[in-house]
Amino acid sequence: MAETKGGVLTRRGLLVGIGAAGGAGAMYAAMGALGLAPTGQDKEYTPPRQGDFTLSGRASAKVVIIGAGVAGLTAAYELGKAGYDCTLLEARQKPGGRNLTLRAGDRLAELNGPAQDVKFGTGVYFNAGPGRIAQWMVTLDYCRELGIPIETFINNNASAYVHTNGQTVRARTARADMYGYIAELLAKATNLGALDKALTKDDRESLLEFLRRFGDLGPKLDYEGSERRGFTRFPALDGGVPMPDPGTLHQVLAAGTGRAITNDFGYEQATPMFQPVGGMDAIATGLQQAIGQDRIKTGARVTGITTLDDGVEVTHTGGILKADYCIATLPPHLLAKIPHNLGAPITAALSTPVPIAAGKIGLEYGRRWWELEDRVYGGVTETDLDITHIWYPSHDYHAERGLLVGYYNTERAAELYGALTPEDRRRRALTQGKKIHGEKYRQNLLSSVSIAWERQEHIQGGWVRWPSFDSSFTLLQRPAGRVYFAGDWLTHLIAWQAGAMESARGAVTQLHRRVLQSP
Ligand code: PHE
């Protein structure tokens, strides 16, 4: 019998009922229908197939795709499965967009700034754009489909640091203290009867039992420190030297470490995350190979988009391209500036999202002191400094050289660094990082490269923010004449490759359906 709540069948109750009657298969199907089964984001998506045309007797169409970033490449790849004739116009010299991995020999140009030559050692790379993928994201499906090996990206490391209000502690210490004191407060409030209205006697027992474990509380429900805080010398033949007792609750709260220990609580950053082996650009490269390099025109800046009754005309710096349909994937603030005949509401909608600055610096060191001396293998240090984060590499452990992300910041902090010369960005990043790691942060540095995404030509932003997901957002999710839009900016997965991919799939699905239905 299915479980009910106030006479209403609950979702859980429904599943229990189906499971009993129909077995696991029926239950799983029902979960899918309810949106509960772990099938990923794309359960609705069916890629276009060659057979779609042979069966319907229709011919595939010619599609011009503006922008060869992750959205454009995904769209071309998906349409290619059914034999569409796609051409990608890319204004930059290299496809991939923000999916950018820098290696020795690369040159990174910048608007209103000097170009930087990348001088890393062999095998050292810097993911200047996307750097981590959540398990549920469609990005991993493309890695699987394209045969791109992946490895764990460590986004939460107990041994990494939290630096707030001028103090540095290990993440494990910050967590032990915050969890400990929260547990103590709640346990004592429970025992004083302060929560009696909300809790039955059994609830109280369960809660107390949990809080003891959550906070590692003493017999009197006090938080008195814990081995969870770590050791100044870890146990071996003897018991080691534990970290001294924590400060008072007041001191712990005043230290502000609590701000930095919830980063992986959300569904986007939950650990473990993943990265392609050898650099994030394996995704862009894999898509390009599958599409065919000859379909991608680089250095082709689009100067006009015209939708016609029977096709589209796209003018670019290398000529005019005519096609049946167009998918425009540039950042909205750049698309808005291209002359077109799609109507004023489209321009207004494209002008609505606000570009956000984002920056990163790659610091290459001649020795992995963070592994050797600090015993930090991957992960992220959280700070209240303008560098915001430090990322330690989640790969090639024990190699001689290694690259840290010395800052990864957005908005004001990113604009501040972006306005500096590359040397000044490095100097500032080193001064900040030294506050956490000491003098070694400045020693053994071999080279560095920094990116300010708002200063990247033809991109001009890390990502965008919609003031609200309003009618502009939904307007652009539909075609304007024969022009479709796609990009992470048209999804609720902004600043994720998964957003670009999902959006491309959406545009492809709509376009393909239209082609199959056209007379
Ligand atoms: N995807 C980016 C990152 O993981 C930006 C981002 C951060 C997006 C946090 C959403 C949440 O750093």
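Predicted model: local features only at pLDDT ≥ 70, side-chain atom pairs only at ≥ 80, totals over all residues.
Helix axes are here lines fitted to C-alpha atoms, for helices over the stretch in contact, and the angles between them run from 0 to 180 degrees between N-to-C directions.

Two packed helices are described by the angle between their axes and the distance between the axes. In the pair formed by helix H3, residues 70-80, and helix H15, residues 497-517, the axes come within 8 Å and cross at roughly 40°. Because angles under 35 degrees count as roughly parallel and those from 65 to 115 as roughly perpendicular, H3 is oblique to H15. The handedness of this crossing of H3 and H15 is right-handed.

A second pair consists of helix H5, which covers residues 171-191, and helix H6, which covers residues 201-215; their axes also come within 8 Å, and the crossing angle is roughly 160°. Since angles over 145 degrees count as roughly antiparallel, H5 and H6 are therefore roughly antiparallel to each other. Where H5 passes H6, the crossing is left-handed.

From the helices we turn to the ligand and its surroundings. The residues that surround the ligand are Arg 132, Glu 268, Gln 269, Tyr 408, Trp 463, Ala 495 and Trp 496, and by class this shell holds four nonpolar, one polar and two charged residues. Ala 495 contributes through its backbone instead, with a polar backbone atom that is 2.6 Å from a nitrogen atom of the ligand. Taken alone, the ligand would expose 310 Å², and the protein buries 74% of that area.

Two features of the backbone remain to be considered. Most residues other than glycine have a negative phi, and most peptide bonds are trans. Against that background, Asn 165 has a positive phi, near 50°, although this residue is not a glycine, and Asn 165 sits in the loop between strand S10, residues 161-164, and strand S11, residues 167-170. The peptide bond that joins Thr 271 and Pro 272 is cis, with an omega of about -5°, and Pro 272 belongs to the loop between helix H7, residues 249-255, and strand S14, residues 273-276.

Key: Residues numbered from 1 in each chain as written. Heavy atoms only, no water. Near = heavy atom within 4 Å. Polar contact = N/O pair within 3.5 Å; in protein donor to acceptor, adjacent residues only side chain to side chain. Areas by Shrake-Rupley, 256 points an atom, 1.4 Å probe, with all protein chains shown as cover. Nonpolar A, V, L, I, M, F, W, Y, C, P; charged D, E, K, R; others polar. Helix = DSSP H or I, 4+ residues; strand = E, 2+ residues; numbered from the N terminus. Left-handed = near helix turned anticlockwise from the far one by under 90°.
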